[in-house]
Amino acid sequence: MEKPIVAIVGRPNVGKSTLFNKLIGERRAIIADEAGTTRDRQYGETIWNGRVFTIVDTAGLLVGDDDPNLPLAEIVRRTHQQAQLAIDEADVIVFMVDVREGLIAADEEVAALLRRSSKPVVLGVNKADTEDRRQNAVEFYNLGLGDPIALSAYHGTGSGDLLDEIVNNLPAGQEEEEDDNSLKIAIVGRPNVGKSSLLNKLVGEERVVVSNIPGTTRDSIDTKLTYKGTPITLIDTAGIRRRGSIEQGIERYSVLRTMKAIERCQIALLLIDAKEGPTAQDTHVAGMVLEANKGLAIIVNKWDLIDKAKFSYEDAKTTMSEVFHFAPYAPIEFISAKTGQRATKVLDIAQTIQSERAKRISTSDINNLLRAAVREHPPTAMHKGAHLRLFYATQAQAEPPVFLFFSNAPEQVHFGYKRYLENRIREQYGFIGTPIILVFKGREEEQTVSVSGKR
Ligand code: GDP
Ligand code: GDP
């Protein structure tokens with residue numbers, strides 16, 4: 001099921017990220033550990049009254065947004081952009097204001113924009129830490145956005161009321177998407193990197209398009225084809241992008257649509273423009289793919305434009321490996337969607353990654369690996385000289401691969417040691433292009449584990 005998106009908008013410093021962190025706090029920690037990237041998250045999953053939804057801090061989506069030295073006019077402009085982004089792409093908008101500052105003109109302007117949209121808006125009046133301040137929240141009725149909900153993101157009070165209101169406004173549960181068992185590949189990347197060109201090339205080469213269904217409830221277009229006998233669905237994020245009222249330029253920061261495509265795919269092909277090179281936004285998107293536990297390949301397009309005498313394949317490969325150092329297992333390929341050079345190879349790569357994701361290692365094999373790994377490099381002793389022990393391991397799940405390790409002190413297994421074990425697994429078994437997840441448990445703990453990322 002496609003998860004609804006709830007976007008938090010509002011001026012800087014009203015408490016958006018505080019609320020966001022409160023709502024996804026627990027997950028945040030886990031994710032940071034797994035992805036090996038240190039960035040702040042801008043979106044996360046949360047559940048309330050049985051409804052699962054994705055919550056987005058729109059401020060984080062705009063690069064440089066948290067710069068405190070921005071002039072006021074710029075702050076207002078960006079807040080408007082966020083609101084517009086949310087109107088175009090979210091299912092419910094949480095508009096946050098600050099009761100301590102009271103109702104100010106900038107809030108009224110954004111409110112006007114939100115009122116004109118057809119999207120449900122929940123008005124959160126933050127920093128209502130005391131009874132007095134909660135009373136003051138009534139002032140915000142003047143925004144014409146319905147009942148203000150007084151809350152203190154900081155203390156957590158009132159957030160339950162806010163969540164109730166969010167859930168009340170979520171679209172009715174959508175039908176489970178019918179799964180045709182095809183391999184779902186998302187083509188993602190910044191505008192103009194060649195996503196549509198690649199799609200057209202792949203479709204043209206194959207000439208076996210079954211259908212081209214414009215997404216009705218979703219923001220991407222699915223193209224179905226068969227490649228070497230495998231049914232494939234290409235999820236394209238480019239097709240419908242020039243709708244809506246987002247001004248040119250802001251669009252390139254809009255990762256909501258990319259995020260939805262990533263949610264729905266098994267493998268994401270991240271396209272980079274060879275001429276322009278990778279940007280921070282690209283590493284960011286790569287991080288999103290890994291956090292979602294999806295397969296990842298880095299595809300450098302427009303390779304035909306590169307003068308190889310000046311910038312060789314080796315140079316390019318080195319650059320890319322450095323930029324995407326946090327995913328050394330992701331394949332990197334250089335193509336030209338225009339000339340067709342190696343274009344279909346991206347489908348071979350996706351198939352390879354998929355089979356890696358589906359791979360299962362037998363319990364005896366993984367335990368042999370664990371024993372050898374511990375013998376060669378035992379985990380450091382715990383305090384008071386007690387031994388940290390890893391008793392046994394098993395692969396609990398595929399797609400994505402999840403390994404369980406049982407220990408006498410699972411919480412004391414260091415990040416570095418987890419890395420070491422992951423590297424050992426990869427040395428022996430590859431798992432090309434896919435995150436693998438290592439979970440450490442006490443011996444007595446229940447042996448069930450479930451990690452999302454499978455479709
Ligand atoms: P953002 O820029 O909207 O994301 O705002 P932040 O979440 O970064 O918060 C801005 C400041 O307001 C921080 O110093 C927070 O600690 C503070 N803050 C956030 N929520 C509350 C609250 O409920 N009460 C009070 N008193 N301060 C808060
Ligand atoms: P999208 O916004 O990511 O869908 O990018 P498009 O597919 O619309 O391509 C943007 C521009 O780059 C168009 O002018 C394409 O013709 C051009 N382009 C795409 N792929 C290549 C390529 O491999 N080589 C060259 N030289 N141009 C390309």
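Biologist: Which residues surround ligand 1 and are the closest?

Modeller: This is a predicted model, in which local features need pLDDT of at least 70, side-chain atom pairs count only at pLDDT 80 or more, and totals for chains, interfaces and linings use all residues. Residues are numbered from 1 along each chain as its sequence is written, ligands are numbered from 1 in the order in which they are written, and side-chain values use heavy atoms, with hydrogens and water left out. A residue is near a molecule if one of its heavy atoms lies within 4 Å of it, and 15 residues surround ligand 1, the closest being Asn 13, Lys 16, Ser 17, Thr 18 and Asp 129.

Biologist: What makes the pair formed by an oxygen atom of ligand 1 and a polar backbone atom of Asn 13 a polar contact?

Modeller: A polar contact with the ligand is a pair of N or O atoms within 3.5 Å, and this oxygen atom is 2.6 Å from the backbone atom of Asn 13, so the pair qualifies. A nitrogen atom of ligand 1 also lies 3.1 Å from an N or O atom in the side chain of Asn 126, and an oxygen atom is 3.0 Å from one in the side chain of Lys 127.

Definitions and conventions
Polar contact = N/O pair within 3.5 Å; in protein donor to acceptor, adjacent residues only side chain to side chain.
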